[in-house]
Amino acid sequence: MFDGSSIEGFVRIETKPGEEAQFDFGYAGRFLDRRCGRLRKAWVFVMTLSWSRHQYAEIVFDQSV
């Protein structure tokens, strides 16, 4: 019996090259901060260019980048 609970939807956003980028942060755990010599909470900053889907990722210690 089909109850509709497994339906997934999405919308593809069409953009021109260089027009838009999407970004997000994800918790990465604790990493050594070499500047202060101690473990700190770290985040992964991920940016995806909307047209090419090219991605850039970097470990950061705050979300102000």
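F23, F25 and F45 come together as one aromatic cluster. This is a predicted model in which local features need pLDDT of at least 70 and side-chain atom pairs count only at pLDDT 80 or more, while totals for chains, interfaces and linings use all residues. Residues are numbered from 1 along each chain as its sequence is written, and side-chain values use heavy atoms, with hydrogens and water left out.

**View 1. F23 and F45 form a tilted aromatic pair.** A search of the whole structure turns up 3 aromatic pairs. In the pair shown here, the ring centres of F23 and F45 are 6.2 Å apart and the planes are at 35°. Rings of Phe, Tyr and Trp (its six-membered ring) pair if their centres lie within 6.5 Å; planes under 30 degrees apart count as stacked, over 60 as edge-to-face and the rest as tilted. F23 belongs to strand β1 (residues 21–33) and F45 to strand β2, 22 residues apart, and the pair links these distant parts of the chain. Strands here are DSSP runs (E, at least two residues), numbered from the N terminus. Is F23 buried or exposed? With 58% relative accessibility, F23 counts as exposed, whereas F45 is buried at 13%. Buried means under 20% relative accessible area and exposed over 50%, with partly exposed in between (1.4 Å probe, protein chains only).

**View 2. F25 also pairs with F45.** Here the ring centres lie 5.4 Å apart with the planes at 55°, so this pair is tilted. F25 sits in strand β1 and F45 in strand β2, so the pair ties together parts that are 20 residues apart in sequence.

View 3. G29 lies in strand β1 and, at 15% relative accessibility, counts as buried. The C-alpha atoms of G29 and A42 are 5.7 Å apart, although 13 residues separate the two along the chain.

**View 4. T48 reaches Q55 through its side chain.** T48 is found in strand β2 (residues 38–49) and is buried, with a relative accessible area of 9%. The T48 and Q55 side chains make a polar contact at 3.1 Å. Such a contact is a pair of N or O atoms within 3.5 Å; within protein, one must be able to donate a hydrogen and the other to accept it, and residues adjacent in sequence count only if both atoms are side-chain atoms. Beyond its neighbours within four places in sequence, T48 is in contact with A21, Q22, R53, H54 and Q55.

Technical notes
Helix = DSSP H or I, 4+ residues; strand = E, 2+ residues; numbered from the N terminus. Contact = heavy atoms within 4.5 Å.
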